[in-house]
Amino acid sequence: DDKLVKILLAAAVTSLILALFEDGENQMQAFTEPAVIMTILILNAIVGVVQESNAEAAIEALKEYESDEATVIRGNKTMKIASSDIVPGDVVVCDVGTKVPADLRVIDILTSTVNLDQSALT
């Protein structure tokens, strides 16, 4: 999918073919360029795999902060539902220690102090 990788691969193959037809003292030096290009491609692939695995690990770590259930007021009834079932218009009830299950707008606070732990967001 990456055009730059395809271009580098084509350059390495072309350079290797040209190196095979090289005569004389420069024959070994002719193989240096395709070897360097292939080394760069291999290192690029390794870095890509490492970055992707790190990103997947970060996503899994963020899922631990995700709330499974939420207490909502829907149609003047208070009920517990799965966080994935929250829809616009639901009023979410947040008590002490509650993980916020979605992006919310605060409409009423029944306390004089509010403390939030936003460390999962950074």
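Two strands pair if DSSP finds at least two bridges between them. Strand 1 (residues 69–74) and strand 2 (residues 77–82) are joined by six bridges and run antiparallel. Please keep in mind that you are looking at a predicted model. The chain holds three helices and three strands, and along the sequence they come in the order α-α-α-β-β-β. With a radius of gyration of 28 Å, against the 14 Å that the globule rule gives for 122 residues, the chain is more spread out than a compact globule.

**Overall shape and packing**

- Along the principal axes, the C-alpha atoms of the chain fill a box of roughly 90 × 30 × 20 Å.
- Buried residues make up 13% of the 122 residues of the chain.
- Among contacts in the chain with a separation of 6 or more, 23% are between residues 24 or more positions apart.
- Glycine 89 and leucine 43 are 46 residues apart along the chain, and their C-alpha atoms are separated by 50 Å. For asparagine 44 and arginine 105, which are 61 residues apart along the chain, the C-alpha separation is 44 Å.

**The strands**

- Strand 1 has partners in both of the other strands: six bridges join strand 1 to strand 2, and three bridges join strand 1 to strand 3. The pairing of strand 1 with strand 3 is antiparallel, and so is the pairing of strand 1 with strand 2.
- Isoleucine 73 is a handy residue to look at here, with threonine 78 as its bridge partner in strand 2 and valine 91 opposite it in strand 3.
- Threonine 71 stands opposite lysine 80 of strand 2.

**The hairpin and the next loop**

- The hairpin of strand 1 and strand 2 has two residues between the strands, and glycine 75 takes a positive phi near 65° there.
- Asparagine 76 sits in the loop between strand 1 and strand 2. Asparagine 76 also has a positive phi, of about 60°, although it is not a glycine.
- The relative accessible area of asparagine 76 is 80%, so this residue is exposed, the cut-off being over 50%.
- Glycine 89 belongs to the loop between strand 2 and strand 3. Its relative accessibility is 70%, so glycine 89 counts as exposed.

- Serine 15 is part of helix 1 (residues 3–20). Its relative accessible area is 10%, and because buried means under 20%, serine 15 is buried.
- Leaving aside neighbours within four places in sequence, serine 15 is in contact with Ala30, Glu33 and Pro34.
- Asparagine 44 is part of helix 3 (residues 32–64). At a relative accessible area of 41%, asparagine 44 is partly exposed.

**The largest pocket**

- The volume of the largest pocket is about 1800 Å³. Its lining has 40 residues, and those closest to its centre are Cys94, Thr98, Val100, Leu104 and Leu116.
- By class, 23 residues of the lining are nonpolar, nine are polar and eight are charged.
- Strand 3 (residues 91–93) gives the most to this lining, with three residues.

Notes:
Residues numbered from 1 in each chain as written. Predicted model: local features only at pLDDT ≥ 70, side-chain atom pairs only at ≥ 80, totals over all residues. Heavy atoms only, no water. 1 Å grid on protein atoms, 1.4 Å probe; cavity = no way out; pocket = protein on both sides within 12 Å on 5 of 7 lines; lining within 4 Å. Points joined across faces, edges and corners; volume = space filled by probe spheres on them. Helix = DSSP H or I, 4+ residues; strand = E, 2+ residues; numbered from the N terminus. Nonpolar A, V, L, I, M, F, W, Y, C, P; charged D, E, K, R; others polar. Rg over C-alpha atoms; globule rule 2.2 N^0.38 Å. Buried < 20%, exposed > 50% of the residue type's maximum accessible area, 1.4 Å probe, protein only. Contact = heavy atoms within 4.5 Å.
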